Amino acid sequence: MKDKLKLVIKVALLSCLCVALMYGTYVFFSKNISYEESRHQEKQNVPLPALTQEKRTSVTFAAVGDNLIHDNIYMQAKKRAGGSGFDFSLPYERAERFIKGMDIAFINQESPIAEDVSPLSGYPRFNSPKAVGGHIAEMGFNLIGISNNHMLDNGEEGAISHMDFWENQGVLMCMGMWRNPKEMEKPLLLEKNEITFGFLPMTEHTNGLSLPKDSPLRYIRTDEWQLIKNQLDMINKQSDFQVAVIHWGVENSLDASKAQRDLAKRLSDEGIDLIIGSHSHTLQPIEWITGENGRRTLVIYSLGNFISSMLDKQNMLGGIMQMTIEKDFAADETYIKNARLHPIVTQYEGRDRRNVRIIPLEEYTDELAANHGVRADYPEFSVEYLKSIISKNVPYEFLNSAPLNPC
């Protein structure tokens, strides 16, 4: 009996030992498997080094041509306001949707704003009310060009007053005149969304007007290559994307002159990425050209008038250019994407040029053209006439009715 009891105890102990050994083996291998899975998971979750991650940023950019405020435009605005101040809503309201919300929006303010020093006036020596500047700033224009043939219409004091006005508007930059030679030694740089823009403004002439010999003010003419080169060297070193803003060419001409094309090529060779032209009061050709370094430059020889009350049929067509400027950090490149032109028409009625306003060409009709004030002298003025200019001067790749900033 005792022998049987001893045998049962031995069998029970052996069974317990086997069970314990099997459980220990299970736990050991389970922990190792979990550890390896955990290590594998950790490896999968480790972020890639920053250099291998793709990073891009972009800026939406708009540009228009000449904002040229003839006296009938501001007199109409004054009448709409009921005699107290000015109401500029009618002239601009149908163009605002192309500007509002853009990161950078450029305008050539051709008629100076200097009512603090001179009476308001129209052609030939302009002086526009502050209210028009305030209105276009509210529309979203935040990059103001003042380098043009009318910049000295109110003399040195008027030029200073014009610069003072824009500085008080809180825009990103007013460019085209420097207050002194020391200021000219600094590049015109603007940073937006991690992209640094460098700007080079210049004008072909100033209608024969000049500054006093002892004036500290400075500006650049298109024939002053050394001054141009000095600015180019600075912005090329310190910016991602270089823009030349040039007031040039032949008034009323629909074609770019040889002088314009020669200067555009020279600037492209120096690394300029974008040229925005004005002065002709017409929509001139838009094209890509290639510089010596193989980099392409987009040249807009003239965007025509944003608004004016000029008299010739070709003066009625202008354009709003929109584009995206994109920076690829890995490739260290900044370039233009989605460049598109939105043609606009300056509309007014009668020989007395009533109700001057901007209308996008996509909204323009034969009925509006038939009632345009220029029809008295140009009966051929029509929607087809305007489209014929576009078909000649604007490649299809730039024509797209969908704005980059749908409002």
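I take helices (H or I, at least four residues) and strands (E, at least two) as DSSP runs, numbered from the N terminus. The model is predicted, and I keep local features only at pLDDT of at least 70 and side-chain atom pairs only at pLDDT 80 or more, while totals for chains, interfaces and linings use all residues. Residues are numbered from 1 along each chain as its sequence is written, and side-chain values use heavy atoms, with hydrogens and water left out.

Entry on helix α2. Within α2 (residues 71–80), the buried residues are N72, I73, Y74, Q76 and A77, where buried means under 20% relative accessible area, exposed over 50% and partly exposed in between, with a 1.4 Å probe and protein chains only. Among the elements that cover these buried residues I noted β11 (305–307) and β14 (354–360).

Entry on the core. I then turned to the largest nonpolar core, which has 107 residues; such a core is a set of buried Ala, Val, Leu, Ile, Met, Phe, Trp, Tyr and Cys residues joined through side-chain atoms within 4.5 Å. Its largest share, six residues, comes from strand β13 (residues 333–349). The residues with the most contacts inside this core include Y92, F141 and Y364. Leaving aside residues up to four places away in sequence, I listed V345, Q347, I359, A369, H372, F381, V383 and L386 as touching Y364, a contact being heavy atoms within 4.5 Å.

Entry on aromatic rings. I searched the whole structure and found 11 aromatic pairs; rings of Phe, Tyr and Trp (its six-membered ring) pair if their centres lie within 6.5 Å, and planes under 30 degrees apart count as stacked, over 60 as edge-to-face and the rest as tilted. F197 and F241 make an edge-to-face pair, 5.8 Å centre to centre with 70° between the planes. F197 lies in strand β6 (residues 195–203) and F241 in strand β7 (residues 241–247), so this pair ties together parts that are 44 residues apart in sequence.

Entry on charges over rings. I found the charged end of R261 over the ring of Y301, 5.0 Å from its centre, and that of R266 over the ring of W225, 3.8 Å from its centre. The test asks for NZ of Lys or CZ of Arg within 6 Å of the ring centre and within 35 degrees of the ring normal.
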